Amino acid sequence: MWKDLIERLYPDAQFSEGVSESALSTAGQNMGVHIPGDLQELLRQTNGVLDRWAVDVIWPIDQLVRDNSTFRTFPDFKELYMPFDSLLFFGDNGGGDQFAYVVEPDRHDIFVWDHENDSRQWVAGNLEEYLRRRLASSGDEWYRSD
């Protein structure tokens, strides 16, 4: 379902081999966060999605674990930013902004974290809406409010 949707929306998308159930389970345990069901389904079909510029629309599972762990534990981030414990990052814009689910409380909403001002702005009600909006755009205007 997810690969078909993405291919219809964005024929230039790049896919890779999907991840196993054990890899998903291990990733969630390592981060101490439940990976939302729709993201798990997508990752079972493809371990990440790249656009034509090799920007991660959806991160591969190893980057998802690595970057979320860094956001939660890097000491300097605690001084610079609001806590990231309520977010599960899964993609980026290639320029520093990161896309995330709200996992505390458990929601399907997708937010963008602006790395320059530490703002967190709603961008989509779920993963499908995120993909539709993101893949229909050629830049960052789809989520920028300025």
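The model is a predicted one, where local features need pLDDT of at least 70, side-chain atom pairs need 80 or more, and totals for chains, interfaces and linings take in all residues. Residue numbers start from 1 along each chain as its sequence is written, and side-chain values use heavy atoms, with hydrogens and water left out.

Of its 14 lining residues, Asp-51, Trp-53, Arg-134, Ser-137 and Gly-139 are the closest to the centre. A pocket here is an open set of points on a 1 Å grid over the protein atoms alone, where a 1.4 Å probe fits, with protein on both sides within 12 Å along at least five of seven lines; lining residues have an atom within 4 Å of a point.

Turning to the helices (DSSP runs of H or I, at least four residues, numbered from the N terminus), H2 (residues 21–31) and H4 (residues 61–73) have axes that come within 10 Å and cross at roughly 5°. Axes are lines fitted to C-alpha atoms over the stretch in contact, with angles from 0 to 180 degrees between N-to-C directions. H2 therefore counts as roughly parallel to H4 (angles under 35 degrees). On the H2 side, contact (heavy atoms within 4.5 Å) involves Ala-23, Leu-24, Ala-27, Asn-30 and Met-31.

Definitions and conventions
Helix = DSSP H or I, 4+ residues; strand = E, 2+ residues; numbered from the N terminus. Parallel < 35°, antiparallel > 145°, perpendicular 65-115°, else oblique.
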